[in-house]
Amino acid sequence: MRSHYWLFLILIAVLAGLQHRLWVGNGSLKQAAELKQQIAEQHDENERLLERNRVLDAEVVELKKGMETVEERARHELGMVKDGETLYQINQ
């Protein structure tokens with residue numbers, strides 16, 4: 001009868017240890033949920049960066065392809081005008 005008592009105590013201790021690891025320890029359900037959240041956040045960030053890269057790639061192709069984009073940037077960012085053009089600036 002006494003051996004059953006010790007076996008029961010050992011099994012209870014093992015069960016408690018496994019439950020502790022499941023809920024609190026390394027690889028716990030909480031940690032798994034946190035990792036899933038981090039993965040979702042990283043996925044969103046990657047999608048944002050991929051879209052930014054697509055825009056930049058399109059801009060690079062446009063700059064290599066034609067002078068229209070270069071002229072547009074020169075006009076808007078640097079305030080440049082072509083020969084024979086007159087710049088009218090309206091202050092509001």
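Visitor: What should I know about the ground rules here?

Guide: This is a predicted model, where local features need pLDDT of at least 70, side-chain atom pairs count only at pLDDT 80 or more, and totals for chains, interfaces and linings use all residues. Residues are numbered from 1 along each chain as its sequence is written, and side-chain values use heavy atoms, with hydrogens and water left out.

Visitor: How do I read pLDDT, and which helix has the lowest mean pLDDT?

Guide: pLDDT is the predictor's confidence in each residue, from 0 to 100. Where it is low, the predicted coordinates should not be read in detail. In this case the protein chain averages 84, and 99% of the residues score at least 70. Among the elements of the chain, helix H3 (residues 68–78) has the lowest mean, 78, whereas H2 has the highest, 92. Helices here are DSSP runs of H or I with at least four residues, numbered from the N terminus.

Visitor: Let's turn to salt bridges. How many salt bridges are there?

Guide: Side chains of opposite charge can pair when their charged atoms come close. The rule asks for a side-chain nitrogen of Lys or Arg within 4 Å of a carboxyl oxygen of Asp or Glu. By that rule there are three salt bridges. One joins Glu45 and Arg48, with N to O at 2.7 Å. Another links Glu51 to Arg54, whose closest N and O atoms are 2.8 Å apart. Glu62 and Lys65 also meet in a salt bridge, at 3.7 Å from N to O.

Visitor: Where do Glu45 and Arg48 lie?

Guide: Both are in helix H2, three residues apart, which is about one turn of the helix. Glu51 and Arg54 are likewise in helix H2 with a spacing of three residues, and Glu62 and Lys65 also lie three residues apart in helix H2.

Visitor: Is Lys65 buried or exposed?

Guide: Buried means under 20% relative accessible area, exposed over 50%, and partly exposed in between, using a 1.4 Å probe and protein chains only. Lys65 has 63%, so Lys65 is exposed. In the Glu45 pair, Glu45 is partly exposed at 32%, and so is Arg48 at 47%. Glu51 is partly exposed at 41%, as is Arg54 at 47%.

Visitor: What about Lys36, and how far is Lys36 from Lys64 in space?

Guide: Lys36 sits in helix H2, which spans residues 29–65, and Lys36 counts as exposed because its relative accessibility is 63%. Lys36 and Lys64 are 28 residues apart in sequence and 42 Å apart in space, C-alpha to C-alpha.

Visitor: Which residues make the nonpolar surface patch?

Guide: A patch joins residues with over 30% relative accessible area and no salt bridge; like charges are joined within 9 Å, and nonpolar side chains (Val, Leu, Ile, Met, Phe, Trp, Tyr) within 5 Å. Here Tyr5, Trp6, Phe8, Leu9 and Ile12 make a nonpolar patch of about 540 Å². The areas come from the Shrake-Rupley method with a 1.4 Å probe, and for residues only the protein chains shown count as cover. Trp6 belongs to helix H1 (residues 2–23). Trp6 is exposed at 51%, whereas Tyr5 is partly exposed at 47%.

Visitor: How many aromatic pairs does the structure hold?

Guide: Rings of Phe, Tyr and Trp (its six-membered ring) pair if their centres lie within 6.5 Å; planes under 30 degrees apart count as stacked, over 60 as edge-to-face and the rest as tilted. The structure holds one such pair. The rings of Tyr5 and Trp6 have centres 5.9 Å apart and planes at 75°, so the pair is edge-to-face.

Methods
Helix = DSSP H or I, 4+ residues; strand = E, 2+ residues; numbered from the N terminus.
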